[in-house]
Amino acid sequence: MVNISLTGVPLRGNKIAHFRFTLVGVGGHPDKAHEFEQLAMPLFAPLYNLAHWLTQDRSEAEDLVQETYAKALKGFDSFRPGTNFRAWIYRILRNTFLTSRTGLKTVVSLDDEDDSQTVAPATEETPESLLLARADHDVIQRALRELPVAYREVILLCDVEEMSYREIAEALAVPIGTVMSRLARARRAMRHLLQQRATGAHP
Amino acid sequence: MSCDRWQEKMDAYLDAELPEAETRELEAHLQGCRLCSSEALTRSELKRSIHLAGKAYTPDAEFRRRVLGSIVPRQTRRGWLWVWAASFVAIAVLLIILGPLLLRQQLQEQHRLVSELTDLHVITLASANRVDVVSSDRHTVKPWFQGKLPFTFNLPELEGSPFELLGGKLTYLDGAPGAELLFTVRKHVLSVFIFKDTPELDRAIVSDRPIRRLSFNIQSWTAGGLRYFVITDASRADADDLRARFASAAQ
């Protein structure tokens, strides 16, 4: 059994140096820690990328990732082998983010089943293949940053992490149907932002 | 089906989540519908652009090292500690249990060997023909063994010593041939056995210290790849003396 005591401050952009956790387990399972390392460390870069996208800040992203790993290691016993580890740890990262100060501040509305963030349907727009072809990384990244967090994360999980709908549903703890509708809305919002930018740039 | 309905399925299609049958239907529709194929192209380009642009941030190597360090080191050390403790216990158990066992086994083997040699000595003493080559001349006795043994040995010069060579004969110990040489000193008989040294013999003889058994004095030593034994009812000093003479003759 591995016990971890968390000493530190909530995510507030503090330097990671102030955020330390120590392992005080008795008779720890080296095998278990090794197994955790094998599963978790390959996801380090993707988790960090997602954390940075969520927090929009390097030091906050580091705090978030570190806390995620600490929590995941602590709760590793509750992870059932054979189930999806990636979805499991993403879920921890996301929950940690949502309860952090930045998370609480950022997420105004996760309830995307309301249509408050209505975006003009795609059919009303002209096909923007040309426009997208011109859109470079910067433009896409700026648009992603402007998206509400709930939309940003579902797009990142699907298009960057290439998770299946089932995995995303597990990571976000929502039904697959919700994943699909949220994804559709998120993509429409994304296209809307890109088009606004394009028409703004070339009136 | 209207194009709207097709476009509802388009995301699942591009995310490889559409069932196979529907995928075939949709692809058939895209072949003939410019509007939908243009829309599909746009969406797939957006998806690809996001895929590339989304990998925007990479963690510091230093940060990675720190997180890894916070997971592993204490655990690893604990693991090693455990391994060390287990090894220590295992070695202690081995020493406690196996040590005496091995020593006992070795002593038993030495005991057996010494008994056998003592028997050979006694049989020789009891025999009507104690030796096969009867000679006090070492230059007669030594050649007699040629062709009978897979090794050769030197006999000491006994001129002016209290020892007298009686002769020698072939003998066997654990199936290996050897020489048994008979000497007398002040009416006491001494047998000197010579065999090719083997690891088994080396292991059986715990030390070269003199052994006493059934009031016989026994000594064993090795020289030049040969294993020597002296067995006698004469004094230990006599046994030592003869041993010394053999040792100098072997050089």
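Predicted model: local features only at pLDDT ≥ 70, side-chain atom pairs only at ≥ 80, totals over all residues.
## Chain A at a glance

Let's start with the overall make-up. Chain A holds 10 helices and two strands, and read from the N terminus its elements follow the order β-β-α-α-α-α-α-α-α-α-α-α.

Chain A has 203 residues, and 42% of them count as buried. Among its contacts with a separation of 6 or more, 70% link residues 24 or more positions apart.

## Where the two chains meet

Two packed helices are described by the angle between their axes and the distance between the axes. Here, helix 8 of chain A (residues 149-160) packs against helix 3 of chain B (residues 34-54) at about 95°, and the axes are 9 Å apart. Angles of 65 to 115 degrees count as roughly perpendicular, so helix 8 of chain A is roughly perpendicular to helix 3 of chain B.

Helix 8 of chain A brings A:I155, A:L156, A:D159 and A:V160 to this contact, while helix 3 of chain B supplies B:K47, B:I50, B:H51 and B:G54. By type, the residues of the contact split into four nonpolar, two polar and two charged.

## Strands of chain B

Strand 2 of chain B (residues 163-173) pairs antiparallel with strand 1 of chain B (residues 133-134) over two bridges. Here B:V134 has B:G167 as its bridge partner.

Strand 2 of chain B is also joined to strand 3 of chain B (residues 176-185), by 10 bridges and again in the antiparallel sense. B:E164, for instance, is bridged to B:T184. Strands 2 and 3 of chain B form a hairpin with two residues between them, and B:D174 in the turn has a positive phi of about 50°.

Methods:
Residues numbered from 1 in each chain as written. Chains lettered and ligands numbered in written order. Axes fitted to C-alpha atoms, helices over the stretch in contact; angles between N-to-C directions. Helix = DSSP H or I, 4+ residues; strand = E, 2+ residues; numbered from the N terminus. Parallel < 35°, antiparallel > 145°, perpendicular 65-115°, else oblique. Contact = placed C-beta atoms within 7 Å. Nonpolar A, V, L, I, M, F, W, Y, C, P; charged D, E, K, R; others polar. Buried ≥ 20, exposed ≤ 12 C-beta atoms within 10 Å, placed from the backbone. Pairing = 2+ DSSP bridges.
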